[in-house]
Amino acid sequence: NYNGYEAVFVFFVISGFLIAGNALRRWGSLERIDLRVFYARRFARIVPCLLALIGLLSVLHLLAVPDYTISRPGQSLSGAIWAAVGLHLNWYEGQTGYLPGNWDVLWSLSIEEVFYIGFPLVCLFTRRRWVLMPLLTLLALSMPWTHAALRGNEIWQEKAYLPGMSAIAIGVLGALLASRWKLPSWRTSVLLGWFGAIGLTAATIDGAAMWHLLRDGYMLLLAVSALCLLLACAQRQQRGAWQAWRGLGWLRSWGRLSYEIYLSHMF
């Protein structure tokens, strides 16, 4: 699970970029989001697999299978189920300690889906991009401070709502930028790509050193690096210079099945 925490934040950025980008392509602007369609699509994508996982983990707990049994003081099967379905499993772990690994993965889902419950409502309420973008920017830039403010509780510091939502907001900002940004020069695209690749590679090779150097700003740099790489790839597609590499269809299918893989990877 090395670099697993950082990888989740990279995924948050990708999630915000893809879901906001899809909404822009479908409705033309975020203030035109159809709430019923948006929520129906999120429900269809998230809930069936989530319920299947909860059902399986409940059976394994009731059978007292090692590493699948909830046994910490203050924890229970009913509490874990309610926390997972109610999208506050991250808070539940912050109060009671870590759950078994297959339950623990749901902390990021709690953050992501709470964001997407509120996101379309904020878009419809603000009605103007010049109002929405400063709010998203403020949320994005708050990451180092919200992360540092929770230092007294290691679990809650890692799994609190606001730092994770900041990373999703960075992805949403990237999608808004990509939708309005006239195709930049080839050199700009290359620089974005290299900056993103170097930042993510450095975090993978020696994230501990970067953490000691940047402290709570490290996660912000990681998220921005992911966004730069996404923007570079999006611009390359716009130019028509992108084509799928042969033999890597299996890897692209992992991207399409990322949610299912994430839910089951701890098995």
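## Surface patch

A residue counts as buried when its relative accessible area is under 20%, as exposed when that area is over 50%, and as partly exposed in between. In this predicted model, Trp250 has a relative accessible area of 46% and is therefore partly exposed. The place of Trp250 is in helix H13, and Trp250 belongs to a nonpolar surface patch of about 510 Å², which is made together with Leu251, Trp254, Leu257 and Ile261. Helix H13, which covers residues 249–256, gives the most to this patch, contributing 3 residues.

## Nonpolar core

In soluble globular proteins, nonpolar side chains tend to be buried together. The largest nonpolar core of this model holds 72 residues, and the residues with the most contacts inside this core are Phe9, Leu30, Trp103, Leu106, Phe119 and Val172.

Once residues up to four places away in sequence are set aside, Phe9 touches Trp107, Met143, Glu158, Pro163, Gly164, Ala167, Met219 and Leu222.

## Salt bridges

Side chains of opposite charge can pair when their charged atoms come close. The structure holds 6 salt bridges, and one of them joins the side chains of Glu112 and Arg42, at 4.0 Å from N to O. This pair links distant parts of the chain, since Glu112 sits in helix H6 (residues 106–126) and Arg42 in helix H2 (residues 35–62), 70 residues apart. Both Glu112 and Arg42 are buried, and a network of salt bridges links Arg42 and Glu112 with Glu113.

Another salt bridge brings together the side chains of Arg45 and Glu260, with 2.7 Å from N to O. Because Arg45 lies in helix H2 and Glu260 in helix H14 (residues 258–264), the pair ties together parts that are 215 residues apart in sequence. Arg45, with a relative accessible area of 29%, is partly exposed, and Glu260 is also counted as partly exposed, at 27% relative accessibility.

The side chains of Asp104 and Lys159 form a further salt bridge, at 2.2 Å from N to O. Asp104 lies in helix H5 (residues 101–104) and Lys159 in helix H9 (residues 154–159), so this pair ties together parts that are 55 residues apart in sequence. Asp104 is buried, with a relative accessible area of 17%, and Lys159 is buried as well, with a relative accessible area of 2%.

## Cysteines

A search of the whole structure finds 0 disulfides. For Cys228, the closest cysteine sulfur is that of Cys233, and because the two sulfur atoms are 11 Å apart, they are too far from each other for a bond. Cys228 is buried, with a relative accessible area of 11%, and Cys123 also counts as buried, at 2% relative accessibility.

At 29% relative accessibility, Val114 counts as partly exposed. Leaving aside its neighbours within four places in sequence, Val114 is in contact with Leu87, Tyr161 and Met165. Val114 and Met165 are 51 residues apart along the chain, and their C-alpha atoms are separated by 8.9 Å.

Note on methods
Residues numbered from 1 in each chain as written. Predicted model: local features only at pLDDT ≥ 70, side-chain atom pairs only at ≥ 80, totals over all residues. Heavy atoms only, no water. Patch = residues over 30% accessible without salt bridge, like charges linked within 9 Å, V, L, I, M, F, W, Y side chains within 5 Å. Areas by Shrake-Rupley, 256 points an atom, 1.4 Å probe, with all protein chains shown as cover. Helix = DSSP H or I, 4+ residues; strand = E, 2+ residues; numbered from the N terminus. Buried < 20%, exposed > 50% of the residue type's maximum accessible area, 1.4 Å probe, protein only. Core = buried A, V, L, I, M, F, W, Y, C linked by side-chain atoms within 4.5 Å. Contact = heavy atoms within 4.5 Å. Disulfide = S-S within 2.5 Å.
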